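Please look over the sequence and the model shown here, and then follow the report below.

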Amino acid sequence: MRLESLQELANASEHGSAPLQSSPTSLQALGGGAAVAALALVLFFFHLGTYGLWEPDEARYAEIAREMLALHNFIVPHLNYVPYIEKPPLLYWLTASSMKLFGINEFAARLVNAGAALIGVLATYLFALRTFDYRRALLSGAVLATSALYAVMAQVLTTDMLLTAATTVAMFAFFLQWRDGGRWWLLCYFAMGLAVLTKGPVGAVLPLITAAIFLWYEGDWLGAFSRFHLVGGLMITAAVSLPWFIAITIREPGYFDFYFVGEHLRRFLEPRYSHGEPIYYYIPVAAGGFLPWSLAMLFIPWRSLERDPARRFCLIAAATVFVLFSLASAKLVPYILPAFPFAALAAADGLIALADADQSGFAHTGLELRGEIARHCDRRRLVLMTILLVVAGLAVLAVAADADRFKSPYPAILRTVLYVSGATVVVCAIVSSAAFWTRRFGAGLVVLVGGAAATLMIISYGRIMAESTRSYSALARSIERLAPQARLICYPRYIESLPFYCRRRVILIGAKTELTYGAEHAPDAARFFFTRREDLLRLWKEPQPSVLVIDRGALGQIQGLLGAYKVIASDSRKLALTPTTTLGGAAAEPVSRGHRAAQPLERSESGVEGWSLGGAL
């Protein structure tokens, strides 16, 4: 290598690019991006629309998007036709657009999330291609796509994946602005505006705090305001996000207190306000959600790697997200997703460095690794990682073997999936271990990626098998088919899926919960929200055709007051009842068997269908 090339390599290392091989051609970079995209497409779109919307989040967000189209109101989100203002509207807007194009169905509802996950993978690939090298770009995209929680949440309709995509692009653009200058700041602040429009102030807090910590660590505060165009940039963020916040505040006078005070300050500070969990909550979530690559993180000798600003930035970004959400009182599993793209980059960088290290203590590419890297970076570390994967796979097989001993019904329901996925993990881990031991590191990593992808596709069948325990779609579809004009009454709790699949408003008898704000501000709330049992009986006895969707456990409390009824649909938790004109205690005609899609889960309760008298159950 010429002296000039060595100097360029040293300069690149100092500024964070550190190309560990010659720059790829445009065709090679395009091919790598296509390969990563193909992997992500298979994982994220596999079975995307083949199972019903899960309660409560998926059904809720899908219904809000559907009601935007039905009401032609894109300013004030509505749920069950009353204002629902807990989240900004970007996810609803995009999902409504998807439904406009592809119809009102599960595929259209989940398409935005799958697309956002794909954007996150491609952004990670392109960032690694620009700041690391081609191999790290390929591996980082593959690591992110095959991370367990990331791949699973790519097919679940929530705001978290869209927030992850937006904050990822914003933080990547920040680093490129720091390293290269130019106009990356425009992309950074624009993406930050989209993040705010997805989930509120947290969309700006995550990138800004990450950037501040990184600049402090690098000792590079001088001139930061001007270099990053802070004033102009924040104006871009405001221009993207503020118009809707202003419009909703004008339309809904109680919005500011409800959203900014309740949904953010109280949610962050008060454990009892919402989803309170201990501070260590995300340790097992991150460890399990980032499998199988969280195991690799344990064996990478971080302190022995060559110092690199891009790697430091990724570690700081991942740690910042982890710490901020750990400090917040309100915690849910997918909140941690914005850390995953940066963890994927760090893991890919470390794995490639580990695989490249040879006995002389130098990477094959010519970059010196600090310290006793030859002693630490060897095949034994990668083999140990795969041994832990074998143990994990055997644990899954053990759960499948003893599925009937668990109180939870899921191991028994998913027994086949557990057997197949556990065996896949064990076989792939053994094969990759053999490849690592024989120093075929590339082959070993390919097997790990392929095994992770295969396992995730097998697990996706589990969603279909467990659909009846997590979704009321079959029940709701049966009601829509058998009683398309009937008034819907829920007791004692609201079912998110009913208005989506039945395409009509639901009367709620019971606690309003998340509908409280809307019920308090809707002019017609008195016709659709009740709390007393007397109101339920009054509505039930009115001549208008009605369907009562009731918890199985709650039926016994009012069964004797309902009179004659028949069950038109059921599952393991709910019954759908309609009044019948049967008199004198005689059995009514059995209900049509056309609602087989809503068969109850438990065999002992399958005889519920067709019974028609209040005392028959």
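Contact means that heavy atoms lie within 4.5 Å, and helices (H or I, at least four residues) and strands (E, at least two) are DSSP runs numbered from the N terminus. This is a predicted model, in which local features need pLDDT of at least 70, side-chain atom pairs count only at pLDDT 80 or more, and totals for chains, interfaces and linings use all residues. Residues are numbered from 1 along each chain as its sequence is written, while side-chain values use heavy atoms, with hydrogens and water left out.

The protein chain has 28 helices and eight strands, and 55% of its 617 residues are buried, a word that stands for under 20% relative accessible area with a 1.4 Å probe, protein chains only.

| Helix | Residues in the contact |
|---|---|
| Helix 6 | Arg135, Arg136, Leu139, Ser140, Val143, Leu144 |
| Helix 17 | Phe340, Pro341, Ala344, Leu345, Ala348, Asp349, Leu351, Ile352, Ala353, Asp356 |

By class, the contact of helix 6 with helix 17 has 11 nonpolar, one polar and four charged residues, where Ala, Val, Leu, Ile, Met, Phe, Trp, Tyr, Cys and Pro count as nonpolar, Asp, Glu, Lys and Arg as charged, and the others, Gly among them, as polar.

Elsewhere, Glu63 lies in helix 3, which spans residues 57–71, and Glu63 counts as buried because its relative accessibility is 0%. Leaving aside residues up to four places away in sequence, Glu63 touches His78, Leu79, Tyr81, Pro499 and Phe500.

Technical notes: Buried means under 20% relative accessible area, exposed over 50%, partly exposed in between (1.4 Å probe, protein chains only).
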